[in-house]
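Reader: I have a structure open and would like to go through it piece by piece. Can we start at the surface?

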Amino acid sequence: MSTSSASASVWIGRVLTGLAIAFWLLDGAIKLAPIAPVIENLHGLGFDATDGLARGLGVLQLACLALYMVPRTSLLGAVLLTGYLGGAIAIQVHADNPLFSHILFGTYVGLVTWAGLLLRDRQARAALFH
């Protein structure tokens, strides 16, 4: 890979990582609050939703995000965020929600999260592909 294409890949990775971080921060923050739509959504998914449940999910999500944001632990953070998304996808399937807008949304977020990491971090690529 030439230097300019490597540099472009790193910058694309940084942009994707920034988008992923922005999503995860917003999603975690609204769970910490927790605002009424979060509780209503949890009820709609079949949970006995409480402020404590929402806050617990927010703390878990933000803790995984913190690992993702630290270069030394970013690979672990990405793996843990992927597990979180797997649970979210399973819940959407169980709730019989629409495929492309609800069930696969976690897949979209996961793809952006992983693409950002792999494009910007040579060591993460090496750990997974060598």
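Author: Phe100 is exposed, with a relative accessible area of 60%. Exposed means over 50% relative accessible area, buried under 20%, and partly exposed in between, using a 1.4 Å probe and protein chains only.

Reader: Before we go on, what kind of model is this?

Author: This is a predicted model: local features need pLDDT of at least 70, side-chain atom pairs count only at pLDDT 80 or more, and totals for chains, interfaces and linings use all residues. Residues are numbered from 1 along each chain as its sequence is written, and side-chain values use heavy atoms, with hydrogens and water left out.

Reader: OK. Where is Phe100?

Author: Phe100 is in helix α5. Helices here are DSSP runs (H or I, at least four residues; strands are E, at least two), numbered from the N terminus.

Reader: Which residues form the nonpolar patch on the surface?

Author: Leu99, Phe100, Phe105 and Tyr108 form it, with about 420 Å² of accessible area together. Helices α5 and α6 each supply at least two residues of the patch. A patch is made of residues with over 30% relative accessible area and no salt bridge, where nonpolar side chains (Val, Leu, Ile, Met, Phe, Trp, Tyr) are joined within 5 Å and like charges within 9 Å. The areas come from the Shrake-Rupley method with a 1.4 Å probe, and for residues only the protein chains shown count as cover.

Reader: Now the inside. How many residues are in the largest nonpolar core?

Author: That core has 15 residues, and those with the most contacts inside it include Trp24, Leu65, Leu81 and Trp114. The elements giving two or more residues to this core are α1, α3, α4 and α6. A nonpolar core is a set of buried Ala, Val, Leu, Ile, Met, Phe, Trp, Tyr and Cys residues joined through side-chain atoms within 4.5 Å. A second, separate core of five residues includes Val38, Leu42, Ala49 and Ala54.

Reader: Is Leu81 buried or exposed?

Author: Leu81 has 0% relative accessibility and counts as buried. Leu81 is found in helix α4. Leaving aside neighbours within four places in sequence, Leu81 is in contact (heavy atoms within 4.5 Å) with Trp24, Gln61, Cys64, Leu65, Tyr68 and Thr113.

Reader: And how far apart are the C-alpha atoms of Leu81 and Val38?

Author: They are separated by 19 Å, and the two residues are 43 apart along the chain.

Reader: Which residues of α2 are buried?

Author: In α2, residues 36-44, the buried ones are Val38, Ile39 and Leu42. Seen down the axis of α2, they fall within an arc of 95° (taken from the directions from the helix axis to the C-beta atoms), so they line one face of the helix. They pack against α1 and α3. The face turned away from the buried side carries the exposed residues Glu40 and Gly44.

Reader: What follows α2?

Author: Gly46 does, and its phi is positive, near 100°. Asp96 also has a positive phi, of about 60°, although it is not a glycine. Asp96 lies in the loop between α4 and α5.

Reader: Last topic. How many salt bridges does a search of the whole structure find?

Author: The search finds one. Lys31 forms a salt bridge with Asp27, the closest N and O atoms being 2.6 Å apart. The term means a side-chain nitrogen of Lys or Arg within 4 Å of a carboxyl oxygen of Asp or Glu.

Reader: Are those two buried or exposed?

Author: Lys31 and Asp27 are both buried. Being four residues apart in helix α1, they are separated by about one helical turn.
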